[in-house]
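I opened this notebook to record what I looked up, entry by entry, with the sequence and the coordinates side by side.

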Amino acid sequence: MSVAAPLVLRDGDRSRLEALTRSSSIRAALASRARIVLLAAQGLPNAEIARRTGTSRPTVVDWRARYVDGGITALHDQPRSGRPPQIDELDVVVATLAEDGRPPARLGVTHWSARLLAAELGISFATVARIWRKWNLQPWRSETFTFSTDPELDAKIRDVVGLYMHPPEKAVVVCIDEKSQIQALDRTAPTLPIRLGVPEKQTHDYVRHGTTTLFAALEVATGRVEPRCQPRHRHQEFLRFLKQVAKAYPRVKLHVVCDNYATHKHPVVKTWLARNPRISLHFTPTSGSWLNMVEIFFGIITRQAIRRGTFTSVPDLIEAITGFIDG
């Protein structure tokens, strides 16, 4: 058997070739070619190199020759011949965005899908999907927004954000709101626990044992939550909770952020506030209740303690709510 002479590497190529064989971010074919060249530089026979790299002897001979002619650059794939792609990406983008992204009325749909647009343009849906990914187009997604029509929008935003960023000295700022109609749902079958590769499962059917309303006051400076669960959310319940908050923060100036719910501006509530001047209400703009930071707490308790819970009664639900807050 003839033995090929050791391949002579160009200056500095050994470390670059070794780096290619170790890299996890390049194509496996390129790493294999680099290994072929390194083994050839050790003087191994072509047949042995082919055995070690899982290729054929002619393949080894070919890549040795390519390295001799062009160095490491020659190990990369060369541009392929053939007809260039006939699909213009911009045509697909324009077709997606035309008419504000709405398909023609004759199709009777509200938004494009990759298959629908592909059929309309006479191309493959995989091509449409690839172009959408490249241009970050997502016709199937839709988000909502709301314009506030509050004539005092600017003043209310400055007032509430000012309390958050620069609260008055020796004063307490709390955010108050109510999460109404929290349901005590009892599943009709036990929950199936999480397993490897399988998420926790609950039955779709449930028995509804009633509801409660969670009133909560979030202290902005510390994150402390003052809760109260009540069956309804009228002005009587709101005033009862307001008195509880006032008792929890005695002898300090109390600034309360709340939304424009009618019960918060009831004459009875206003009368009580007039007799307690240390307590001031600050209202978020219309359609701007997201500015109330207690909404963040409501989102957390819903995800972590309520939505996946099983409750046999309203007192059981209330116990879970208070347990989460205490924890």
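Does R158 count as buried or exposed? I looked this up before anything else, keeping in mind that the model is predicted, and I noted that R158 counts as exposed, because its relative accessibility is 62% and the cut-off for exposed is over 50%.

**Entry: helix α8**

I then asked which residue pairs with R158, and I found that its side chain meets that of D154 in a salt bridge, at 2.9 Å from N to O. The two residues are 4 apart in helix α8, so about one helical turn separates them. D154 has a relative accessible area of 48%, which means that it is partly exposed.

While I was on this helix, I also looked at L153, which belongs to α8, a helix covering residues 153-165. L153 is partly exposed, at a relative accessible area of 30%, and together with I157, V161 and M165 it makes a nonpolar surface patch of about 310 Å².

**Entry: other salt bridges**

I wanted to know how many salt bridges the structure holds, and the count came to 16. As a reminder to myself, side chains of opposite charge can pair when their charged atoms come close.

One of these salt bridges joins the side chains of D13 and R16, with 3.5 Å between N and O. Both residues sit in helix α1, which spans residues 13-22, and they are 3 residues apart, about one turn of the helix.

**Entry: the loop residues with positive phi**

I next went through the backbone angles, for which the background is that most residues other than glycine have a negative phi. K170, which is not a glycine, has a positive phi of about 55 degrees. I located K170 in the loop between α8 and β1, and I recorded it as exposed, with a relative accessible area of 80%.

S287 is likewise a residue other than glycine with a positive phi, near 60 degrees. I placed S287 in the loop between β5 (279-283) and α11, where it is partly exposed at a relative accessible area of 42%.

**Entry: how α11 and α12 pack**

At what angle do helix α11 and helix α12 pack? I found that α11 (residues 294-306) and α12 (residues 314-326) pack at about 115 degrees, and that their axes are 11 Å apart. That angle makes α11 roughly perpendicular to α12, and I noted the crossing of the two helices as right-handed.

**Entry: distances across the chain**

I started with K179, which has its place in strand β1 (residues 171-187) and is partly exposed, at a relative accessible area of 25%. K179 and E295 are 116 residues apart along the chain, and 8.8 Å separates their C-alpha atoms.

For L214, I first checked its setting: it is found in strand β2 (residues 206-219), and with a relative accessible area of 0% it is buried. From L214 to G309 there are 95 residues in sequence and 16 Å in space, taken from C-alpha to C-alpha.

Finally I turned to W63, which lies in helix α4 (residues 57-70). W63 is buried, since its relative accessible area is 10% and buried means under 20%. W63 and I36 are 27 residues apart in sequence, and their C-alpha atoms are 7.5 Å apart in space.

Methods: Residues are numbered from 1 along each chain as its sequence is written. This is a predicted model: local features need pLDDT of at least 70, side-chain atom pairs count only at pLDDT 80 or more; totals for chains, interfaces and linings use all residues. Side-chain values use heavy atoms; hydrogens and water are left out. Patches are made of residues with over 30% relative accessible area and no salt bridge: like charges are joined within 9 Å, nonpolar side chains (Val, Leu, Ile, Met, Phe, Trp, Tyr) within 5 Å. Accessible areas come from the Shrake-Rupley method with a 1.4 Å probe; for residues, only the protein chains shown count as cover. A salt bridge is a side-chain nitrogen of Lys or Arg within 4 Å of a carboxyl oxygen of Asp or Glu. Buried means under 20% relative accessible area, exposed over 50%, partly exposed in between (1.4 Å probe, protein chains only). Axes are lines fitted to C-alpha atoms, for helices over the stretch in contact, and angles run from 0 to 180 degrees between N-to-C directions. Angles under 35 degrees count as roughly parallel, over 145 as roughly antiparallel, 65 to 115 as roughly perpendicular and the rest as oblique. A crossing is left-handed if the near helix is turned anticlockwise from the far one by less than a right angle, and right-handed if clockwise.
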